Amino acid sequence: MQTWRSVAVPRVPGTPPPLRLHDTATGQLRPTAPGPEAKMYVCGITPYDATHLGHAATYLAFDLVHRLWRDAGHDVHYVQNVTDIDEPLLERAERDHEDWVVLGRRETALFREDMEALRVLPPREFVGAVESIPEIVEMIGELLANGSAYRAEDPVHPDIYFDRSYTGRFGYESNYDEATMAGFFAERGGDPGRPGKRDPLDALLWRLARPGEPSRESELGAGRPGWHVQCSAIALNRLGLRFDVQGGGSDLVFPHHEYSAAHAEALTGDHPFAGHYVHAGMIGLAGEKMSKSKGNLVLVSRLRADDVDPSAMRLALFAGHYRTDRGWTDELLHQAQERLARWREATSAQAGPAAEGTIAKLRDRLADDLDTPSALGAVDAWVVDALEHRGTDTDAPASIRNAVDALLGVAL
């Protein structure tokens, strides 16, 4: 699947501190420890509607990880999927009397446009689930062979399920109790009431073909893959086990990330799937989580059509910490637009205060679990000094401009 065009990233002099990120599995803030190649997998969209600011906030958070690793000299192997075969996409296509393939391709193209406009650095590999079906089928076959998967006791539709008890570690990533897992499983695409399963929380790996549903011929029987195994196979086959960061929104902690890790660990017999499990908070509107199901969306494409500067969108979302659930308001955007104008005024001057200390603070704050509010504050302090006292360092405005571009992805 085609990714989007990248932007040039300026080099910033100096040595950045190691990046520390909060790990959901341990509940601790720990240093990432990549080798020369830093490896990250971030779960992508299910393309049945346009990119909203909740999506944008997640991909901007991991864009910062990408940028900080590059700043530290790592070659970043970033993989992102597209869930272009799943229930929400099929349901939307049926509702709108549209071909599900056409719908998925159109919304994926719009997503690429939005990411490019927001100056999100593209993944090295942008992989659709449909194109990955052969490797997913192979993985499911191996899970059946080692006993971690089974066919449901249903003579008509013996779908294939994952035995969640197989590894003995199920639940280590989310740390949820049984009641919480059961609630989220039912809410987020699970089928706890399906007859013929060994356990209500066993997750679907392969759904056998039903009349009128899309399916693919395979040695498993004609059908299509479940949700979690898609990411498990795509990540494992491109990054291997124990890659550095598994990322996504906080609504993916369970069931999606828990199961995708469990599938890979059951297949390999090794642990853990990823070194860090990192999750971004939700963006709300009028007190509710922004989501396609609620219809309370602020779309990136709509803001772009209204000539909102994408750098202002970045600054508005960076005004809150990435792990915090937070709201979107017109005032937040207005404040970001004013901040962007001040930053551009200060960095367009012929001279300014020395930049080295500010760049060091910017790096330090971002390296501390992507503390963007404090990072923006460090730049604000330099801007105030520059606008009020001007300064005499003729290299400083360009140095700040380049650092803000490289580290925050904000074009000044």
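Predicted model: local features only at pLDDT ≥ 70, side-chain atom pairs only at ≥ 80, totals over all residues.
Reader: Let's start with helices. How do I read the packing of two of them, and what is the angle between H2 and H3?

Author: Two packed helices are described by the angle between their axes and the distance between the axes. Here, helix H2 (residues 87-95) meets helix H3 (residues 100-117) at about 110°, and the axes lie 9 Å apart. That makes H2 roughly perpendicular to H3. As for handedness, H2 and H3 cross in the right-handed sense.

Reader: Which residues make the contact between H2 and H3?

Author: From H2, look for Leu89, Leu90, Arg92 and Ala93; from H3, take Trp100, Leu103 and Gly104. Sorted by class, the contact of H2 with H3 has five nonpolar residues, one polar and one charged.

Reader: And H11 with H12, at what angle do they pack?

Author: Their angle is about 170°, with 8 Å between the axes. H11 and H12 are therefore roughly antiparallel to each other, since an angle over 145 degrees counts that way. On the H11 side the contact uses Thr358, Lys361, Leu362, Arg365 and Leu366, while H12 brings Thr372, Ser374, Ala375, Ala378, Val379 and Trp382. The contact of H11 with H12 splits into six nonpolar, three polar and two charged residues.

Reader: Now the backbone. What should I expect of phi and of peptide bonds?

Author: Most residues other than glycine have a negative phi, and most peptide bonds are trans. Leucine 370 is not a glycine, yet its phi is positive, about 55°. You'll find leucine 370 in the loop between helix H11 (356-367) and helix H12 (372-389). Arginine 390 also has a positive phi, near 70°, and sits in the loop between H12 and helix H13 (396-408).

Reader: Is leucine 370 buried or exposed? And how does arginine 390 count?

Author: Leucine 370 has 2% relative accessibility, so it counts as buried. Arginine 390 has a relative accessible area of 42%, so it is partly exposed.

Reader: On to sheets. What holds strands together, and in what order do the four strands of the open sheet come?

Author: Strands of a sheet pair through backbone hydrogen bonds, either parallel or antiparallel. In this open sheet the order is S6-S7-S8-S9, and the pairing is antiparallel. Strand S6 (149-151) and strand S9 (223-225) are at the edges with a single partner strand each, so one side of each has no neighbour in the sheet. From one strand to the next, the twist averages 20°.

Reader: How many bridges pair S6 with S7?

Author: Three bridges, in the antiparallel sense, link S6 to strand S7 (residues 160-162). To see the pairing by eye, find tyrosine 150, which stands opposite tyrosine 161 in S7.

Reader: What about valine 156: where is it, and is it buried or exposed?

Author: Valine 156 is in the loop between S6 and S7. Its relative accessibility is 60%, so valine 156 counts as exposed. For a sense of scale, valine 156 and proline 373 are 217 residues apart in sequence and 55 Å apart in space, C-alpha to C-alpha.

Key:
Residues numbered from 1 in each chain as written. Heavy atoms only, no water. Axes fitted to C-alpha atoms, helices over the stretch in contact; angles between N-to-C directions. Helix = DSSP H or I, 4+ residues; strand = E, 2+ residues; numbered from the N terminus. Parallel < 35°, antiparallel > 145°, perpendicular 65-115°, else oblique. Left-handed = near helix turned anticlockwise from the far one by under 90°. Contact = heavy atoms within 4.5 Å. Nonpolar A, V, L, I, M, F, W, Y, C, P; charged D, E, K, R; others polar. Buried < 20%, exposed > 50% of the residue type's maximum accessible area, 1.4 Å probe, protein only. Pairing = 2+ DSSP bridges.
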